[in-house]
Structure formats: C-alpha cells, structure tokens
Amino acid sequence: MNAATNSTAPATARAERQILTPTNLHDALVMRAEHPEATVINGGTDLMVDINYRRRAPELLLDLSRVAELRRRRREGAAVRLGAGVTFATLEGPPFLTTTPALSQAARTVGSQQIRNRGTLGGNLATCSPAGDAWPPLVAGLAEVEVASVRGRRRLAVSDFALGPKKSALAADELVVRVAVPTARGPQAFLKVGPRNSMVISIASLAVITDTERGELRAAYGSAGPVVGLVRLPLADARDLPDAVADACRPIDDVRGSADYRRQALRVLAARAVERCLR
Ligand SMILES: Cc1cc2nc3c(=O)[nH]c(=O)nc-3n(C[C@H](O)[C@H](O)[C@H](O)COP(=O)(O)OP(=O)(O)OC[C@H]3O[C@@H](n4cnc5c(N)ncnc54)[C@H](O)[C@@H]3O)c2cc1C
C-alpha cells in the first residue's frame with residue numbers, strides 16, 4: 001500500500017492532496033473501507049475535469065489505475081467479463097467488435113484517442129450520466145455490474161445500478177469491479193447525435209440489440225431521461241421500434257437540445273439502427 005502526496009495541486013490550493021495507490025484489488029477494497037471519504041479515480045477523464053473547474057476538491061484520492069485485476073477481460077460462457085479498469089481504447093478493437101459490437105461501436109465514439117486511452121468502463125458507469133456512452137449498449141445488452149467491498153461482492157442488473165443522474169447504487173465502501181456483458185446473439189448497432197462527431201456530450205444516443213435467442217429487439221436510449229431507458233419488442237414488430245422509443249423517452253430541454261429535437265432524433269436513430277441490424 002502506498003500513499004503519495006500530489007505536488008501538482010494548484011498554487012492557490014493550500015491543502016495537500018493525498019493519493020492512495022493500491023496495486024491489487026484486495027488492498028484497494030481495504031483502503032476503500034478504511035477511507036470511505038476518499039474519492040476514487042481511475043482514468044481521471046471525468047474527475048479531473050471537475051477538479052480543474054473546482055467543482056470538486058478531494059483531499060484524498062484512491063487511485064485504481066495500478067490495479068491489474070481491474071484491467072482483465074475474459075470470455076466466460078455466453079458473456080464477456082470486463083474489469084472496471086478496461087479502457088475504451090481496448091473495447092473499440094477486436095475481439096469486442098464481434099463479441100459485443102454495440103459496446104465496441106460506442107467505445108469508438110468516445111471523446112478522442114487520448115480520452116479513450118485513459119477513460120474506463122467503470123468510470124463511465126460510476127459517473128452515472130444518462131449521456132455516458134457505455135450505458136445504452138450495456139442496458140440493451142442486459143449486462144450485469146459486479147461491485148465489491150471488504151464485506152463481499154454483489155451483482156446487479158446495469159439498469160438497477162443507475163438510481164438517477166450522477167446517482168448510483170454503489171455503497172460508500174464499494175467499488176465497481178467488473179461488468180458481465182452477454183455476447184452478441186444477433187446484429188447490434190450504436191448511434192449517437194451531437195453538435196459534432198467527437199469531443200461532445202451526446203444530445204441523444206441509442207443502442208439496438210437483436211436477440212435471436214429470446215426473439216426480441218431491445219433498444220436503450222441515452223440523454224433522453226434521468227437514466228438510460230429500455231424498450232423491448234418482439235423481433236416480428238421491429239418496424240414499431242422508432243415510435244416505441246420516441247414514446248418511451250423522457251427528454252428535457254437544455255442547452256444541448258430541445259426535448260422535441262431529442263425525441264425526433266431518437267426516432268430517426270432507431271429507424272437507422274433497425275435498418276442496419278435487420279437488412
Ligand atoms: C474531452 C472529453 C471527452 C469525453 N467524451 C466522452 C464521450 O464521448 N462519451 C462518454 O461517455 N464520456 C466522455 N467523456 C467522459 C469520460 O471520458 C468517461 O465517462 C470515462 O469513461 C470516465 O472514466 P475514467 O476512468 O476516466 O473515470 P474517472 O474520471 O477516473 O472517474 C469518474 C467517476 O467514477 C468514479 N470511479 C471510477 N472508477 C471507479 C470504480 N472502479 N469504482 C467506483 N467508482 C469509480 C470516480 O470516483 C469518479 O466519480 C469525456 C471526457 C472528456 C474530458
């Protein structure tokens with residue numbers, strides 16, 4: 001276990017920032033239990049923005065970036081198990097393009113290459129933003145999140161992990177450790193709309209997953225409600241998906257787009273995604 005002092009704190013900040021740097025998961029969980037007040041950091045691509053804009057000023061950081069267990073990924077039966085520290089850069093390439101295509105396509109759209117090199121799946125989930133790009137593929141894919149503490153581990157459906165914008169089901173002593181994503185059982189697509197192609201928060205996002213085993217089509221939409229929403233339809237009713245998504249979503253007007261625009265954007269994205277998946 002290591003504790004380091006950050007010498008890069010702004011000159012105006014008087015308090016020194018302490019950083020806990022566990023190198024294995026056991027130590028990380030012990031430190032989390034001993035310091036529930038510590039702020040977790042992995043890639044830092046969300047947290048450092050908050051620190052730089054002085055929205056948060058954590059005095060103690062728990063840095064997970066050296067915990068090798070969190071970067072592991074492996075195929076286990078009909079699911080891919082991804083450590084919370086797996087980056088978008090890893091997810092955008094093989095084998096994920098074929099095993100979990102919607103998630104891989106979403107990873108490809110995140111930020112820039114630098115952000116994808118640092119930004120992690122666990123960080124995206126823990127931030128719990130309805131605009132987080134990992135969310136729609138994971139919700140539509142019926143993925144499960146594994147969280148752990150010194151008390152033990154628990155698994156929950158990814159849609160139960162999000163309680164609201166920036167509010168997750170994570171207890172103060174818990175960490176996101178893994179995500180289990182069922183492998184593709186049919187074509188998948190991820191699409192999003194933003195003011196430009198990259199480096200923006202999406203105005204609307206959508207993942208569509210065809211599940212030939214269950215005979216259903218699932219669509220999960222982001223940036224159009226307090227949490228990412230899910231619509232399920234029998235495969236035979238695929239043509240109804242655009243209207244079903246537009247009816248189910250609960251977008252708001254904000255600086256990035258109006259509720260009407262978002263609803264219409266999702267209708268169009270759903271039609272395109274169905275075309276891609278079922279042509
Ligand atoms: C320029 C820029 C562009 C971006 N573009 C996109 C984009 O297109 N799409 C998108 O979805 N996001 C985007 N982001 C946001 C960010 O890159 C992602 O949300 C990323 O997945 C965050 O992961 P991280 O490891 O960097 O998280 P961090 O910043 O390290 O942490 C984020 C939050 O999660 C918590 N946390 C991290 N790991 C864990 C864990 N294992 N257990 C418990 N809590 C944890 C932290 O305490 C913190 O609250 C962008 C960010 C920037 C700066």
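Glu76 sits in strand 5, residues 73-76; strands are DSSP runs of E, at least two residues, and helices are runs of H or I, at least four, both numbered from the N terminus. This is a predicted model, where local features need pLDDT of at least 70, side-chain atom pairs count only at pLDDT 80 or more, and totals for chains, interfaces and linings use all residues. Residues are numbered from 1 along each chain as its sequence is written, and side-chain values use heavy atoms, with hydrogens and water left out.

Back to Glu76. Its relative accessible area is 31%, so Glu76 is partly exposed. The scale is this: buried is under 20%, exposed is over 50%, partly exposed is in between, with a 1.4 Å probe and protein chains only. The side chains of Glu76 and Arg81 make a polar contact of 2.6 Å. A polar contact is a pair of N or O atoms within 3.5 Å; within protein, one must be able to donate a hydrogen and the other to accept it, and residues adjacent in sequence count only if both atoms are side-chain atoms. Now compare Glu76 with Ser112. They are 36 residues apart in sequence, and their C-alpha atoms are 30 Å apart in space.

Next, Thr99. Thr99 belongs to helix 4, residues 96-99. Is Thr99 buried or exposed? Buried, at a relative accessible area of 12%. Setting aside residues up to four places away in sequence, Thr99 touches Arg75, Val80, Thr183 and Ala184. Contact here means heavy atoms within 4.5 Å.

On to helix 5, residues 101-109. Its buried residues include Pro101, Ala102, Leu103 and Ser104, and also Ala106 and Ala107. Just after helix 5 comes Gly111, with a positive phi of about 40°.

Now the ligand. Which residues come nearest to the ligand? Of the 31 around it, they are Val40, Asn42, Thr45, Asp46 and Thr120. Being near means that a heavy atom of the residue lies within 4 Å of the molecule.

Take Thr120. Thr120 is in the loop between helix 6 (113-118) and helix 7. Thr120 is buried, at 6% relative accessible area. Its side chain reaches the backbone nitrogen of Gly123 at 3.0 Å. Beyond its neighbours within four places in sequence, Thr120 contacts Asn42, Gly43, Ala84, Gly85, Val86, Thr87 and Phe88.

For a backbone N or O atom of Leu47, 2.8 Å. For a polar side-chain atom of Arg56, 3.5 Å. For a polar side-chain atom of Thr120, 2.6 Å. Taken alone, the ligand exposes 980 Å², and the protein buries 87% of that. These areas are Shrake-Rupley values with a 1.4 Å probe.

Who lines the shell? Strand 3 (39-41), helix 2 (47-52), helix 7 (121-127) and strand 11 (175-182) are the elements that give two or more residues. Helix 7 has the largest share, four residues. By class, count 15 nonpolar, twelve polar and four charged. Nonpolar means Ala, Val, Leu, Ile, Met, Phe, Trp, Tyr, Cys and Pro; charged means Asp, Glu, Lys and Arg; the others, Gly among them, are polar.

Last, cysteines. A disulfide is a pair of cysteine sulfur atoms within 2.5 Å. By that rule, the count is zero. Cys128 is in no disulfide, and the nearest cysteine sulfur, in Cys249, is 19 Å away. Cys128 is also buried, at 2% relative accessible area. Cys277 counts as buried, at 6% relative accessibility.
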